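User: Please go through some local features of this model, with the cut-offs behind each term.

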Amino acid sequence: MVSISFEELFDPHFMESLHHLRLVAGRVPMGGRFAEQRSKDLGHGIEFRDFRPYAVGDDLRAVDWNIYRRLGRVFLRLFEEMEDLPVYLMPDLSRSGFLDEAPGDPGRPLRAHVGLRCALALGAIALGQHDSVGLFPFSDDVQVAMRPQSGSGRTMTLAKQLAALEPGGGTDLAQSLKKLGAMNLRRGLVVVISDFFDPAGIEAVTKALGRVRHELVLVRLVRAGDADPTEAGGPGSPNSMSGDLRLVDAESGETRDLSITPEALNAYRSAYARFRDGLADFAQRRRAGLVELDVDGDIVEQLGALFEGGRYEA
Amino acid sequence: MSFTNLSGGAVVLGALALVGVAFLLQRLKVRHREVVVPTTLFWREALERSDARKLVERFRHPLSFALICALLLLLWVALAGPAPDRTRGTHHLVLVDGGASMGRSLADAGAGPLAERRTRLDVALERAAELAEELPRARTRFVLTGAVPRTLLGPGEPTELLARRTADLVADAAPSRLAAELFELVEAHARGASLGFPPGEPVSVLVLGDLDAATAERVLARAGELTLEAVELPGELAANDAILGLGIAPAASGAWDAVDLWISTSGPAPAVLVGGQPRTPTPVDGGFALTDLGASGALVEVSLPAGDGLGLDDTAALYLPRRERLVVALDPALPAEAAGPLRAAVIADPGLDLLGVTTGDADVAIAFAPAGPLVPASLPTLRITEDADLAVVATRPPGTAPFEPLFEALALGSIGTDLGGEALAAPMQPHLAESVADGPATLAINGALLAAPFDLSEGRSLPLFVGLGTRWLAGQAELLPFAAVGRDLVTTERDGLGLPLRPRATGDFDLGEDRHHASLLDASTTFGSVAATLPPAADLGGGGDPDRTTPLLLLALALFMLEWFFLRTRRMP
């Protein structure tokens with residue numbers, strides 16, 4: 001298990017390809033810095049939004065004197081307040097992400113590496129539009145790798161932080177999200193980048209996700225062999241899923257003996273389908289974004305599906 | 001490869017052992033291959049189902065076990081090659097005639113060189129090869145009845161050996177021994193001999209050759225429970241001419257040192273070479289003759305034009321005998337009553353010259369015992385004695401031939417019946433005696449035989465006795481009239497078992513100090529028919545051992561591929 005190097009992560013071509021993508025929030029909560037996201041607050045922005053009667057203490061510079069001249073009443077002009085969107089990146093650092101599922105095949109990267117690149121991509125997009133980005137990697141617990149910061153100049157910092165991350169233990173998303181919630185972060189967008197292989201099961205995962213106060217984007221790192229283990233490796237390959245196997249759980253280290261039979265494969269496939277459908281149902285109910293990122297495919301191209309028309313509205 | 005010597009029980013035991021080993025291997029603790037997976041989350045259900053079948057743990061692959069057992073058994077059966085016990089049942093003896101008659105080419109064999117033409121033996125061997133495939137190998141023996149019988153393929157030997165052993169086989173230059181072999185066979189069977197097969201089990205003899213009807217009838221009459229059948233040999237034989245007879249006889253002219261030659265052929269006049277010089281034979285009734293040929297030991301070669309159906313019987317040869325006149329000295333001391341008849345007998349014999357009283361150049365002497373001073377002791381002598389109790393006593397030096405011709409003639413009464421009569425029997429027992437002693441050969445005759453009441457001199461026996469006696473004393477060989485392969489020589493010589501001498505193949509042979517030549521001279525070889533004289537063989541198919549190894553191995557391969565397919569498609573772990 002190895003973390004990704006900075007050079008691998010911060011690929012100029014990769015970063016260049018992200019420039020056309022934008023992350024747009026519906027209304028960001030008040031209290032943020034001036035930025036490019038529309039806020040629920042009304043203030044001194046550029047775009048006119050509404051009028052309201054003058055009240056004592058209001059800024060006289062906002063009085064619309066034309067209305068006062070015509071109607072004799074004092075109204076204030078209200079403008080859109082543009083603030084930043086806090087983006088909390090939660091890449092999965094559990095051991096399953098660092099499992100080399102295709103030893104010796106450079107075309108098949110580790111899940112965690114892809115997750116980190118995805119986190120960098122989303123973070124770079126957010127920082128590029130002056131949003132603040134925080135990095136909260138998790139495995140069996142969450143850690144604060146980078147407090148929310150803004151400014152496109154922070155992209156390098158983010159990349160360094162991502163490259164410095166070390167593999168964690170098992171996956172405990174419920175615990176991690178619970179601790180994230182306890183941090184009382186400004187409401188923003190939580191992006192969970194994980195394979196969601198939580199031993200507690202998909203029900204526990206969705207339950208924990210449901211308690212998150214922030215907007216949610218779920219990036220599920222998938223691989224073709226997840227849905228059909230027979231595609232993980234043909235007969236004869238080290239990872240061939242056939243014969244009498246001793247399955248070693250990459251996260252827990254637990255071993256289980258199993259003979260691969262058509263019945264066993266069918267049971268696996270149906271269990272995986274329930275897992276996938278359960279997460280998709282949750283995302284639909286919660287109106288959270290869900291993207292299945294094939295770790296063996298091109299990241300930017302697949303993120304394009306999330307950023308429909310070049311932008312994603314959280 | 002097969003272990004055909006394994007019994008059925010051994011094969012079954014081996015199969016059970018293999019199944020047992022496969023079963024034990026299935027029961028052994030499975031060595032699981034370790035595979036690290038991102039999560040076992042989705043395998044839980046499969047693991048739970050697997051745990052539910054814990055009772056049959058370590059034997060979870062019945063399909064795999066069944067396929068492995070089937071594979072092992074197929075391979076085992078293919079290699080072990082179990083077959084029904086084919087050593088029991090009817091045994092087959094296939095007799096292939098290897099005599100000269102089988103060398104006759106077929107009528108449709110073309111006009112190429114004789115050696116390249118297809119012969120009747122070729123047809124017989126092809127049929128034998130077919131029989132080797134059809135008959136049970138464990139119970140069939142193929143024997144070639146040539147000049148010397150020999151086994152071509154023994155029971156249990158691979159069929160391929162027959163082709164190898166008969167690749168360059170040609171007919172022997174000897175008359176067919178098929179009839180003789182069959183006679184020996186039926187006689188041996190009648191005596192209860194095993195014929196090389198397990199006793200008490202039926203034997204079928206298949207004949208690939210020809211028998212004349214009379215021989216076949218006699219053989220069948222003696223066959224008893226032995227089944228004798230002829231295998232049909234298709235093909236018409238080409239026309240054939242042959243030298244049927246070649247022999248000599250004392251010259252009709254009476255000349256002792258000459259012989260007459262007689263030749264019998266079935267075709268045109270033969271070409272004759274005597275000592276390398278061509279001679280033209282004179283046609284006589286039933287053949288050709290050359291008279292008064294000097295008995296000089298020259299080689300006589302007779303031949304017919306080549307190109308007919310068989311070349312073996314187109315040539316014949318013999319050596320002329322060496323016959324020289326003997327000089328006989330008559331002892332002057334002989335009594336007048338004996339000397340007169342003896343002198344007359346010597347003079348009457350064309351091969352004897354009488355030498356007055358001088359014995360210096362004589363070959364044999366005729367003397368009174370004891371001999372007079374003019375007869376040297378070193379000279380072979382026919383003695384007239386008066387004091388012997390025996391009629392005739394022959395004394396020969398060690399290493400010389402016994403005087404059987406005379407003894408046989410005496411015993412048969414051809415010299416004089418009086419010698420075997422009652423009158424002689426009482427005072428002179430035994431009548432004839434022979435002894436071996438150093439010194440020259442002597443033949444003593446009781447002088448009483450020359451007087452009354454025997455009076456041998458009055459009959460025709462005395463000249464014969466004198467002629468035979470002097471020639472034996474001089475060591476002169478008897479005349480061999482002819483020498484034909486497969487027929488007894490007309491000679492008093494015998495082999496070690498006391499049986500008549502019989503040449504087994506054409507060519508030169510020695511008899512005593514003389515060289516002779518045996519020729520084929522066999523009318524049955526020349527005129528032998530192809531008519532079936534034995535009952536035809538019934539359909540013999542179905543008794544052979546079909547090749548089961550290849551199909552079994554192919555089936556095993558198919559099963560292996562099926563297992564591989566199941567493995568690839570994960571229908572089987």
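**Burial, strands and helices**

Analyst: Ser105(B) is buried, with a relative accessible area of 1%; buried means under 20%, exposed over 50% and partly exposed in between (1.4 Å probe, protein chains only). The model is predicted, so local features need pLDDT of at least 70 and side-chain atom pairs pLDDT 80 or more, while totals for chains, interfaces and linings use all residues. Residues are numbered from 1 along each chain as its sequence is written, chains are lettered from A and ligands numbered from 1 in the order written, and side-chain values use heavy atoms, without hydrogens and water.

User: Which strand of chain A pairs with strand 5 in the antiparallel sense?

Analyst: Strands (E, at least two residues) and helices (H or I, at least four) are DSSP runs numbered from the N terminus, and two strands pair if DSSP finds at least two bridges between them. Strand 4 (residues 86–91) of chain A pairs with strand 5 of chain A in the parallel sense over four bridges. Val133(A) stands opposite Gln149(A). The antiparallel partner, over three bridges, is strand 6 (residues 146–150) of chain A.

User: At what angle do helix 6 and helix 7 of chain A pack?

Analyst: Angles under 35 degrees count as roughly parallel, over 145 as roughly antiparallel, 65 to 115 as roughly perpendicular and the rest as oblique. Helix 6 and helix 7 of chain A are therefore roughly parallel to each other. Their axes are 9 Å apart, and the angle is about 10 degrees.

How values were computed. Axes are lines fitted to C-alpha atoms, for helices over the stretch in contact, and angles run from 0 to 180 degrees between N-to-C directions.
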